[in-house]
Structure formats: C-alpha cells, structure tokens
Amino acid sequence: MSSDTSLTDTPRAPSTLVYPFETPPETGAAIEVAPGVLWIRMPLPFTLAHINLWAIADGERWTLVDSGLRSPDTASAWRMLRVGALGGRSVERVIVTHMHPDHVGMAGWITRRTGCRLWMTRLEYLTCRVLVADTGRDAPEDGTRFYRRAGWDDDALEHYRARFGEFGKHTYALPDSYRRIVDGETIRIGAHDWRVITGSGHSPEHACLHCPGLKLLVSGDQVLPRISSNVSVFPTEPDADPLGDWLASIAKLKAKVPDDVLVLPAHNLPFRGLHARLDELAAGHGRGLSALRERLAEPRRVIDVFGALFRRPIDSPGLLSMATGETVAHLNRLLATGEATMTVDDTGVAWYRAT
C-alpha cells in the first residue's frame with residue numbers, strides 16, 4: 001500500500017468517466033496522449049504497483065513531470081527511456097507535483113545527471129528536505145505522544161519507533177537550490193502554456209498543471225479516477241485540518257478547470273469526466289463524516305472508530321499508521337466545524353464525542 005492512496009471506502013468511479021487509453025505503457029516505454037505529451041509508467045514495490053509520469057516536448061528538450069521512486073528498477077527504466085522513447089534528447093527541467101517519494105524520489109538523480117533544474121512549490125521542497133533529514137534519527141517523543149493519544153498499545157508504539165525515518169531511503173537527496181513554482185503561474189513548455197493550480201490536504205502545496213491549449217490536466221494525486229487520495233494528520237501537526245483543506249482544493253479545481261480536459265493522474269488511467277469525479281470524491285468523504293458522527297454518540301478513541309471509515313480490517317502496523325492518520329483527519333474536521341469535542345484523559349488518550 002502506498003501512502004499516496006487512502007484506506008477509506010473508495011467510491012466506484014462514475015459511469016460518466018471515459019478512459020481513452022485502455023492499455024498503459026510498459027516500463028521503459030511511452031505512449032503519446034496528446035501532441036508532444038508522453039505517458040510513462042514506473043514500477044512501485046507496493047500494492048499500488050505503478051506511478052504515471054509525464055514527458056512534455058520542450059523545444060529540442062523534454063520537461064519531465066514527476067520522477068518515480070528511488071530504486072535500481074526506476075533508474076534502469078529512465079536509462080531505457082532516454083535512448084528509446086525520449087530519443088536521446090536532454091532534459092530542460094523536472095517539475096515535481098509534490099514531495100511523496102514515488103513522485104520526488106528520482107528527482108535528485110535526474111537533475112544531477114542531466115544538469116537541469118528542479119521546479120517545485122516551496123512547501124513541498126522544504127517539507128521533503130525536512131523529512132529526508134529525519135533518516136537515521138530516533139523517533140521523537142512528539143510522535144509517540146501522538147499515537148498514544150490515538151489509543152495505540154505499547155507493541156504498536158515500539159513498531160513506530162523501529163520504522164521511524166525511512167522516508168529518505170526512497171528519495172535521492174534533492175538539489176540544494178530549486179526553481180519555486182507558485183499558484184496561478186504560467187509556465188511555457190514548448191509550444192503551450194501550462195498554468196499551476198495548487199491544492200493541499202494530501203500534501204502541503206501540491207501542484208497540478210493545466211494546459212488550456214491541449215485541454216490537459218496533470219493532476220498528480222489531487223484527482224485519481226479509481227482510488228482516493230490519502231488525507232492524513234501526522235505527528236508534526238496534530239491539530240491540522242487537512243480534510244478541510246482537501247475539500248476546498250477539490251472545489252477550487254472544479255472552479256478553475258473546465259470539464260472537457262483529459263486528466264493525466266499519477267495512478268490508474270488517463271480519463272475524462274473531471275467534474276463528476278470531483279463531486280464523487282467530495283461526496284465520499286461526506287458519507288465518511290456522517291458515519292463517524294453516528295459512531296461518536298458515545299465517547300470513542302481514534303482506534304475505536306476505524307469501522308466507520310474502513311471496511312478492511314486494520315490488522316498490520318502499516319495499516320494501523322495509515323488508518324490513524326486518516327481517522328484523525330476526519331475527526332479534526334468534525335472538531336473544526338464544531339460537530340465533535342475532544343478531551344484527553346490522565347493517561348494521554350484522546351476521547352471524541354459528537355456535539
């Protein structure tokens with residue numbers, strides 16, 4: 001399971017979604033989805049076994065969007081692409097939508113080998129640098145306190161301590177400087193303009209790229225056709241409301257991007273039907289919040305209400321971590337709207353109740 005994807009019950013994609021490309025490219029190959037825009041797919045060692053990347057013709061060079069997870073398999077695939085589908089042409093820049101390792105993992109590798117620059121939003125770049133710096137550190141007490149507050153037992157807490165700091169293992173060191181991209185900015189790539197539209201909730205300052213001329217939206221993880229994006233609270237910001245941020249970002253995308261675009265997502269297949277999918281994603285979280293409110297008729301801990309959001313059993317340490325983050329995100333949304341209250345008992349465990 002990748003941290004990009006949610007454990008919440010995934011709504012079935014609306015029947016109005018259309019998938020123009022039924023077969024994805026093989027590793028090391030590419031498919032042209034629009035003039036000068038190539039679809040690349042890289043392997044991932046998770047249940048979600050792939051990520052989609054994009055190469056956009058940029059004069060005599062290429063602009064790459066996202067880079068894949070740091071691994072020998074990904075490096076091998078990039079070498080195949082350079083002499084194959086990319087025709088030996090050099091790279092002008094690497095644009096990274098956000099800081100999760102399957103998106104940013106190879107960015108440092110590519111920029112150093114090609115001499116190009118990394119383009120990224122400020123919060124994504126800086127957050128990635130912070131997380132990579134955690135590699136090899138002992139787990140902080142703030143993290144232990146966060147998960148104890150959720151109701152974790154001693155065995156689960158010990159597993160958290162043992163696994164802390166693994167982010168950097170999947171990510172090459174970023175370059176020490178970068179080109180900041182900002183919301184609303186227009187980037188000229190080859191013969192077309194691409195507008196940056198940022199969102200948050202899944203990550204701090206996720207960048208989507210909209211090309212009106214080609215009627216394309218590179219959506220990263222902000223919109224996926226068949227799975228939901230992970231929206232979680234983490235120990236570094238325990239009082240955050242990422243679900244509120246994410247729902248606002250969905251509304252922003254619907255307002256700014258026409259429904260006639262071909263959506264190029266980070267996972268699954270390119271699709272048409274953006275507005276229908278945005279509506280369904282928002283409705284799915286609405287149903288989750290409603291179920292959670294019902295479960296909170298009596299005081300509950302975080303671990304007591306997993307069943308309101310997840311159908312699958314939370315029966316492994318990895319699932320426990322993801323389920324906790326997503327559940328706290330939903331609970332913090334209810335706290336923010338005044339629909340729930342939270343108290344912490346003498347043992348440091350939080351109890352939530354609907355108002």
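Start at helix 6 (residues 154–163): select Glu158 and Arg161, which sit three residues apart there, about one helical turn. (Helices are DSSP runs of H or I, at least four residues; strands are runs of E, at least two; both are numbered from the N terminus.) Their side chains meet in a salt bridge, 3.2 Å from N to O. That term means a side-chain nitrogen of Lys or Arg within 4 Å of a carboxyl oxygen of Asp or Glu. Glu158 is partly exposed, at 47% relative accessible area. (Buried is under 20%, exposed over 50%, partly exposed in between, with a 1.4 Å probe and protein chains only.)

A note on the model: it is predicted, so local features need pLDDT of at least 70 and side-chain atom pairs 80 or more, while totals for chains, interfaces and linings use all residues. Residues count from 1 along each chain as its sequence is written, and side-chain values use heavy atoms, without hydrogens and water.

Next, select Asp260 and Lys215. They form a salt bridge, with the closest N and O atoms 3.5 Å apart. The pair links distant parts of the chain, 45 residues apart. Asp260 is in the loop between helix 7 and strand 12, and Lys215 in the loop between strand 10 and strand 11.

Now show the open sheet of six strands, in the order 8-9-10-11-12-13 with mixed pairing. (Strands pair if DSSP finds at least two bridges between them.) Strand 8 (186–189) and strand 13 (271–272) are the edges. Strands 11 and 12 pair in the parallel sense over four bridges. Pick Leu217: its bridge partner in strand 12 is Val263.
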